[in-house]
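Please look over the model below before reading my points.

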Amino acid sequence: MSEYRRAKKQIDVTPGESVRILRELQGMSQNDLSSESGIPQSTISAIERSRINLGVERAKQLARVLKCHPAVLVFPGWDIKYESVA
């Protein structure tokens, strides 16, 4: 089996796409997320379409509602196993 390379799936996900994915996985509409987070629906829509930056404070608000760590939203493509500590 040493002649085979390990399969590697790689996908680029923006912070806005990570918000949309987590929201949809939890069966929430943008209006639901807006009501629970206090962030206007129009802002959530703009975040999901990458028209405005998510930002740390909004990430914290959304992460509480989406039940995830804010870093999951801010750094969706970061993979700790490929990082080294100096």
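**Notes on salt bridges and helix packing**

1. Arg23 is buried, at a relative accessible area of 7%. Buried means under 20% relative accessible area, exposed means over 50%, and partly exposed lies in between (1.4 Å probe, protein chains only). This is a predicted model: local features need pLDDT of at least 70, side-chain atom pairs count only at pLDDT 80 or more, and totals for chains, interfaces and linings use all residues. Residues are numbered from 1 along each chain as its sequence is written, and side-chain values use heavy atoms, with hydrogens and water left out.

2. Which residue meets the side chain of Arg23 in a salt bridge? The partner is Glu48, at 2.7 Å from N to O. Arg23 lies in helix H1 and Glu48 in helix H3 (residues 41-48), so the pair ties together parts that are 25 residues apart in sequence. Glu48 is buried too, with a relative accessible area of 10%. A salt bridge here is a side-chain nitrogen of Lys or Arg within 4 Å of a carboxyl oxygen of Asp or Glu. Helices (H or I, at least four residues) and strands (E, at least two) are DSSP runs, numbered from the N terminus.

3. Arg20 and Glu24 form another salt bridge, at 3.2 Å from N to O. Both lie in helix H1 (residues 15-25), four residues apart, about one turn of the helix. Arg20 is partly exposed at 29%, and Glu24 is partly exposed at 44%. Salt bridges link Arg20, Arg23, Glu24 and Glu48 in a network.

4. Lys60 pairs with Glu57 in a salt bridge, their closest N and O atoms 3.4 Å apart. Both residues sit in helix H4, three residues apart, about one turn of the helix. Lys60 is partly exposed at 35% relative accessibility, while Glu57 is exposed at 53%. By this rule, the count is four salt bridges.

5. How do H2 and H4 pack? Helix H2 (residues 30-37) and helix H4 (residues 56-66) pack at about 110°, with axes 9 Å apart. That makes H2 roughly perpendicular to H4, a label for angles of 65 to 115 degrees. Leu33, Glu36 and Ser37 in H2 meet Gln61, Leu62, Val65 and Leu66 in H4. Contact means heavy atoms within 4.5 Å.

6. Ser34 lies in helix H2. Is Ser34 buried or exposed? Ser34 is buried, at 15% relative accessible area. Not counting residues up to four places away in sequence, Ser34 touches Ile39, Pro40, Gln41 and Ile44.

Note on methods. Axes fitted to C-alpha atoms, helices over the stretch in contact; angles between N-to-C directions. Parallel < 35°, antiparallel > 145°, perpendicular 65-115°, else oblique.
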